[in-house]
Amino acid sequence: MGITMKSVRLGVAVFKPACKAIGTAACMASLGASALSAETLSVEGVYGSQVDIPSDIEVIAMENLGGTVGPDVALELSDALGSVYIEGQPYFQIVPAALTGASQVVLINRTESGPEQIRVDNPNAPDAVLLGRVRLTSQDRRVEDKVVKECIAKDDRGKCVEREEFRTRCDEFVMRLNPRIRLLAADGAQLYSKTNQRSETVRYCADEDTQIDADAMEEKMVRELISEIRADIAPSERREGIRIMESRKGLVSEDREPFRDAVRLTQNDPYGACLAFGALEQRNPEHVSVLFNIGLCHEGEGNLAEARQYYERALALEPDKTYPNQGINRIYNRERGEAQMAARNR
């Protein structure tokens, strides 16, 4: 299957340089603790943004967004976009719109025949501007009453023998966040917009002690909005542990024990685990767990085309399996990320 020594980047091996800094004993203790976690292999890469923002958009001017929570959203969004780093470099530079000017400025060149106007590009002009408003509203509204049965008579042993229905008033507290945010290029062309409304609802009744935390509801919706915009327009670089598939059902009998050993190796020897999974393919070419795990090894190495092939083979055998589907989606997003970064670095 072509697993190379690059596989040592997976799992425990990537922590070795840190051992020198914190001491061998402490390092091995931390690695031992991580080895107790679920059987996973580490995958890292750049995942593409949902929208293909032109690669030359690097400096974004942030307007002071209007609306009831616009200023707060503008501040949080500036921090979120300004802290995007890909391959060690900032992806966007976020500047207040008030500190920028027109795309061109007029200089006066004095000649013998008189003053002459010259238009030149403004070095402080942004590549794009983010503007709009974000409005927060809330309301209480009456909803269907709750029917409660209460005991009104008991026998001499304390057992309820008669119940009566009572109706209790209920209401809902609804909070809505309405964004109208646009990203415009320097020439006025719209590059991106965010307008989808989101809401949070809390139902409460007269016989309940329901606490409504409006601040927490607002914070949650704003946080989700910021997260969505950040994912929409900027790639992300991340490392995550992906669970392997552990089912041995259908394996050739003599490979059941080697498969289990390979699963165990993922905890402290991911390179050895990948070699072991690869060795199982010849006798088990149509086993979903074997195929998926080999694909995951390739994904960890950055061999995206090979990883996709193995995930597709696994999915063809069992189309309802979640893990191969998720793997194919990750590959798609990483290919988008690679294409976006290639355009950016041209």
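Mentor: Let's start with Glu 172, which counts as buried because its relative accessibility is 16%; buried means under 20% relative accessible area, exposed over 50%, and partly exposed in between, with a 1.4 Å probe and protein chains only. Keep in mind that this is a predicted model, where local features need pLDDT of at least 70, side-chain atom pairs count only at pLDDT 80 or more, and totals for chains, interfaces and linings use all residues. Residues are numbered from 1 along each chain as its sequence is written, and side-chain values use heavy atoms, with hydrogens and water left out.

The partner of Glu 172 is Arg 141: their side chains form a salt bridge at 3.0 Å, N to O. The term stands for a side-chain nitrogen of Lys or Arg within 4 Å of a carboxyl oxygen of Asp or Glu. Arg 141 sits in strand S8 (residues 128–154) and Glu 172 in strand S9 (residues 160–185), so the pair ties together parts 31 residues apart in sequence. Strands here are DSSP runs of E, at least two residues, and helices are runs of H or I, at least four, numbered from the N terminus. Arg 141 itself is partly exposed, at 33% relative accessibility.

Asp 261 is partly exposed at 32%, and Arg 264 is partly exposed at 47%. The structure holds 21 salt bridges.
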